Amino acid sequence: ARTLKVAAAQLGPVHLNSKREETLARMITLLQQAAEFGAQLVLFPECALTTFFPRHLIKTQEELDTYFEHNDDLLDSPNTKPLFDEAKKLDVDISIGFAERTKEGTGYNTSIYYSVKKNEVIAKYRKVHLPGTKEPFENPDAVNQLEKRYFEIGNLGFKAFRVPDIIPGVLKKGDESKAERNGLGDPIMGMLICNDRRWPEGWRCYGLQGAEVVLCGYNTAGFAPDLWGTQKPMTPQQAEDDAVFHHKLVMQSNSYMNSCFSISAAKAGLEDGKYDLIGGSCITSPEGHVIAEAKGKDDEIVFAEIDLNECRQGMEKTFDFARHRRTEAYGLIVER
Ligand code: CDT
């Protein structure tokens with residue numbers, strides 16, 4: 001068995017006026033709770049450190065800057081160092097989403113993977129599918145999602161990575177730098193951010209590299225008719241139920257079709273007094289089942305012990321890419 005104890009750290013609302021130290025303290029408490037379950041890896045949501053600010057039209061660069069991390073090294077930044085220090089103390093890997101401002105001034109919606117054994121950030125992903133609009137809706141009651149205004153499209157692709165030495169004594173054979181679907185060696189993982197989870201292309205890029213666990217933090221509005229463009233009128237509750245349904249649908253189906261586990265962590269609840277975000281943080285298996293899920297919409301740990309060998313069934317049978325995949329028929333996917 002190649003077993004891993006993993007957790008999604010769902011965060012309840014973080015408000016425009018929430019203090020950074022308070023949010024960080026909540027995240028540290030979640031990390032400690034996950035460690036009590038024995039978690040070796042804890043996933044935090046997209047833009048975990050602040051409210052989901054792309055819903056607001058922010059007028060000044062000065063204010064906008066307060067939502068971004070400017071220090072390339074999160075392990076040293078005062079905004080985030082205490083979380084990494086705690087991860088070190090507890091011997092837990094963490095993956096976390098945040099708004100990244102590069103030295104050149106470019107903004108990305110980013111997530112990183114921190115390996116406690118290496119004591120360094122071993123992987124970075126920048127969100128490719130940025131939803132919403134550049135300009136706010138004319139309807140003053142609409143929920144905006146101005147990610148295209150504040151972020152550039154991610155430029156790092158979908159690069160799977162091995163997580164070193166997280167499974168003690170795991171059998172290593174062959175070239176570990178190559179991500180092969182052979183069920184050996186350190187676990188292979190990939191990261192997606194929120195809207196990315198609805199697009200099969202990113203998942204398949206990870207599937208092709210043999211990813212066994214896909215991590216996805218999110219902030220998903222429960223009721224945003226201008227964004228979702230639903231055809232039939234829905235009550236806010238119906239819309240939220242549908243949003244949770246679609247969230248689980250894509251986590252379960254893409255896990256199944258790519259023979260991997262997935263972990264998803266929400267920022268949930270009523271942010272900034274009136275913007276409802278769905279919960280539904282969950283862990284799904286390579287057979288497409290939800291094996292653990294959040295009960296509420298506040299701070300909560302979702303935990304599961306997973307055996308990566310469960311990926312073998314799909315990888316070797318139904319979705320054995322080498323035998324059954326037909327690339328000669330799929331050209332249109334990259335032509336259009
Ligand atoms: N954060 C994020 O990407 N949210 C989007 C909202 C939908 S926009 C139509 C999501 O896909 O969950």
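I'll start with Q145, which sits in the loop between β6 (120-126) and α4 (147-150). Helices here are DSSP runs of H or I with at least four residues, strands are runs of E with at least two, and both are numbered from the N terminus. Residues are numbered from 1 along each chain as its sequence is written. This is a predicted model, where local features need pLDDT of at least 70, side-chain atom pairs count only at pLDDT 80 or more, and totals for chains, interfaces and linings use all residues.

Is Q145 buried or exposed? Q145 is buried, because 22 other C-beta atoms lie within 10 Å. The cut-off for buried is 20 or more such atoms, for exposed 12 or fewer, with partly exposed in between, and C-beta atoms are placed from the backbone. Q145 touches P54, R55, P131, G132 and L227, leaving out residues up to four places away in sequence; contact means C-beta atoms within 7 Å. From Q145 to F52 is 93 residues in sequence, but 9.1 Å in space, C-alpha to C-alpha.

Next, helix α1. It has 18 residues, 20-37, and at 1.5 Å a residue should span 26 Å, which agrees with its end C-alpha atoms being 26 Å apart. The expected span is 1.5 Å times one less than the number of residues.

Which residues of α1 are buried? They are M27, L30, L31, A34 and A35. On the face turned away from the buried side are the exposed residues E21, E22 and E36.

Terms used: Contact = placed C-beta atoms within 7 Å.
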